[in-house]
Amino acid sequence: MLLQVVRFGQGLGSHVKLAAFCPRSGIWTANRCMIQSHKALQFYGHNEGRQCVSSSKYSTVTFDRPDDPHTSVTARWMDSYQQHFKDVDKLNTWMTNIGHDSSLAESTKVVGALMCSLFHGLFAGQNSLANTVFWASLLENTSSDDCILLFRDLVEVCSSGLVPREEEQCDTFFRALFLKNDPELDVFLRQYADDCFIAVGSMSSPDDNSLWAMRKASIASMFPSKIADQRILRQPVVEWTLPALDLNQFRDDAQAQRLTPYGYTAYHFFQLFELSLSLSSAQSDPRETLYPTASMFTGCVLDALWARYYVTNDNRCLDRIMFAANEALVYIQSILGEKKGVNQLIRALTLKDDPARAVADLCKDYPEGQLIMSAGTSACLSLISNSESLPAIWAYIERFRKDGLRSEMSLAQRNVSRLLSVVKAAKDISKLTSHKLDA
């Protein structure tokens, strides 16, 4: 989860082992060919100083021509990184505030943030899904020409030897451009994906045919040939399934090896593939395979919702996160009773040490219930923590507590708002008490 460096939410499933990206998958072969064709296009916005026109209410990324077009891309990106993001906490601040400050969308800051993300491997592993959504959202109104040039420069930077897991990170950024859903950009992306697939097809198959098939299937999913599959992968993040809250659907999708938007990045694709193999075994124990994987994926989807919100300030993302919190509230009330369930949940959430474990212990005899409660814990704590730096979040939550809304959805949100208000007040008092004691 992005808790490792950049905190989008309160990550789940950190105990799930990271699967290494498949090396020599054909992606890097296509990348190197693309770099050679890129030597004459070393700058963004070839209409000098051009700014993308957008009616969007959030920041649009702009790219300016560099002062010295002969300076290498890697050198320029490193300069931007060292100037703006040498302290990784600054990357966190940049990501969480870019939707509120248009100056953060300046080209030097954007490429500096990209360099920092690549340096810390944020386009790899569990981090990859949220970062895919973040950059797809950030580049949503950027022209196809600028996106192509940006991707080509990213490939060149990754080939410098400075970037860890360079193949996987390039692959992830490609998928962010796919999620952008730009018909003009799709012409380039389709050709690039086809080149990758041809490259991997020309390589000799290793002894492990199942792994090789997984590699080819992952590359084929970069830009699916069927329109229906493209639509599935391009579903808005607010419509994605939260696996912990729909475990049967998650298991069915994994067993059938269906394409899912939360399984789009290479890392998550491989995780679902491995889960499908485990589920096919008669000796498979869901507590060791299905449950931890569903927990990890749920955390990644919640982080993706935060990623989208940071860029767009789309309250539908908050609605979805509050939905996860409400599911946990409803579940614990069904187990412990209405009043006792709420009181026990509040007490667990306000603990200073490991509130997630305390919440899980409330329903330790119900493994599937623990998944729901873990998702709800992540949702509650991330809403409170993010509201400290983004007051608009708390203003939105408070609206449901104060207004006399009567729809089924708003009633659920009102219950969550009341829960969060009590938890936040208790945490604020605890912080104040600790501060006075320390003084």
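Reply:

Leaving aside neighbours within four places in sequence, L383 is in contact (heavy atoms within 4.5 Å) with W306, L318, I321, M322, I393, I397 and L420. The model is predicted: local features need pLDDT of at least 70 and side-chain atom pairs count only at pLDDT 80 or more, while totals for chains, interfaces and linings use all residues. Residues are numbered from 1 along each chain as its sequence is written, and side-chain values use heavy atoms, with hydrogens and water left out.

L383 is among the residues with the most contacts inside the largest nonpolar core, together with W77, W94, F134, W135, F173 and F250. That core has 122 residues; the term denotes a set of buried Ala, Val, Leu, Ile, Met, Phe, Trp, Tyr and Cys residues joined through side-chain atoms within 4.5 Å. Helix α13 (residues 290-312) gives the most to this core, with 15 residues; helices are DSSP runs of H or I, at least four residues long, numbered from the N terminus. Apart from this core lies another, of 5 residues, including M214, F269, F270 and F273.

L371 is placed in helix α17 (residues 367-389). L371 counts as buried because its relative accessible area is 8%, the limit being under 20% with a 1.4 Å probe and protein chains only. Beyond four places in sequence, L371 touches A244, L247, Y291, A294 and S295.

T172, in helix α7 (residues 166-179), is buried because its relative accessibility is 1%. Not counting residues up to four places away in sequence, T172 touches F123, S128 and T132.

Technical notes. Buried means under 20% relative accessible area, exposed over 50%, partly exposed in between (1.4 Å probe, protein chains only). Helices (H or I, at least four residues) and strands (E, at least two) are DSSP runs, numbered from the N terminus.
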